[in-house]
Amino acid sequence: MSELANAFVQLDEQTVYKLVDQKISEGVSPLDIIKECNQGLTEVGELFALGQYYLTELMFSAEIMQAVMEKLEPLISNTENKQNTLGTVVIGTVKGDIHDIGKSIVVSLLKTHGFEVIDLGVDVPAEKFIEAVKQSGAKVLGMSALLNSTYQEMKNVVDALEEAGLRENVKVIIGGTICTENVRKFTGADAYANDAMTGVKFAKSVYGVE
Ligand code: B12
């Protein structure tokens, strides 16, 4: 594990910031820095699952990551090419789930790559996704989910799209660490992603750009 990931696991806030600043000044790409932080966060999650870390530690790791994102977000916007609006993407974290650090990264990257993004926030019920898709005419719907308990909820959203007669015009991508090909099949989504760039590539392919 890298020094940065390890500092995350130790919840050594000051070392995390120092290493992130160092990497930024060395020109390491923001997405690579996020990847390293993610390794640390995954381990924090493992320690939580094992009962060695408690909710306090989980919350503290999120605070550190949010502070890191404040440093990285402006860089993501600066380093990538801003283009005209390529299309609209509706996104949110599904009902029952309040994790949003990963979703916010996807939102930043989509915007940076020229998409208009309607971010519905966290704990989003199916009706709200459907309403947003209807009103915006978005052809891409992204759902973020980190909890196993959300499989059914993701399926509910896809089913609700179908019931509303919107499914043919809207491509659905689910994202987050729990998303796999099996989960995709169960939910009826068109694609799944475990990283943010896959979401951008998916949106580009749906809108027929690049
Ligand atoms: C930080 C954290 C929290 C924070 C969240 C703060 C916030 N504002 O988001 C807090 C403390 C609030 C929290 C709460 C809980 N958490 Co939590 N949490 C985490 C932790 C440590 C890191 C998550 C994170 O932010 N990672 C960093 C981001 C950058 O990564 P990411 O989310 O995976 O996103 C990337 C990709 O997945 C992808 N992506 C994500 N979404 C999308 C969407 C689309 C469309 C696309 C294309 C891509 C994409 O792109 C991102 C960038 O690459 C994880 C551990 C882990 N392994 O994930 C546990 C974890 C997710 N939490 C867990 C649990 C159990 C909980 C709680 C139930 C704990 C409790 N007992 O209360 C609650 C749930 C509350 C709720 N109802 O949602 C479990 C889930 C187990 C499971 N699989 O069901 C995990 C895995 C920890 C563990 N190993 O036990 N948590």
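Tutor: Start with a definition. A salt bridge is a side-chain nitrogen of Lys or Arg within 4 Å of a carboxyl oxygen of Asp or Glu. Across the interface of domain 1 and domain 2, that rule finds zero salt bridges.

A word on the source. This is a predicted model, where local features need pLDDT of at least 70, side-chain atom pairs count only at pLDDT 80 or more, and totals for chains, interfaces and linings use all residues. Residues are numbered from 1 along each chain as its sequence is written, and side-chain values use heavy atoms, with hydrogens and water left out.

Now the two parts. Domain 1 covers 3-79 and domain 2 covers 87-206. These bounds come from an automatic or database domain assignment. The domain centres, taken over C-alpha atoms, are 24 Å apart.

Next, the interface itself. Nine residues of domain 1 are in contact (heavy atoms within 4.5 Å) with eight residues of domain 2. The two domains bury about 680 Å² between them. Buried area here is the accessible area (1.4 Å probe) that two parts lose on being put together, summed over both. Carbon and sulfur atoms give 79% of that area. On the side of domain 1, Leu31, Glu73 and Ile76 supply 51% of what the domain buries against domain 2, more than any other three residues.

Polar contacts can be counted too. Such a contact is a pair of N or O atoms within 3.5 Å; within protein, one must be able to donate a hydrogen and the other to accept it, and residues adjacent in sequence count only if both atoms are side-chain atoms. Between domain 1 and domain 2 the count is one residue pair, both at pLDDT 80 or more.

Which helices form the domain 1 side? Helix H3 (30-49) and helix H4 (55-79) each supply at least two of its residues that touch domain 2. H4 gives the largest share, seven residues. Helices (H or I, at least four residues) are DSSP runs, numbered from the N terminus. By class, this side has six nonpolar, two polar and one charged residues. Ala, Val, Leu, Ile, Met, Phe, Trp, Tyr, Cys and Pro count as nonpolar, Asp, Glu, Lys and Arg as charged, and the others, Gly among them, as polar.

Finally, look along H3. Glutamate 36 is in this helix. Leaving aside neighbours within four places in sequence, glutamate 36 is in contact with Ser2, Leu4, Ala5 and Lys23.
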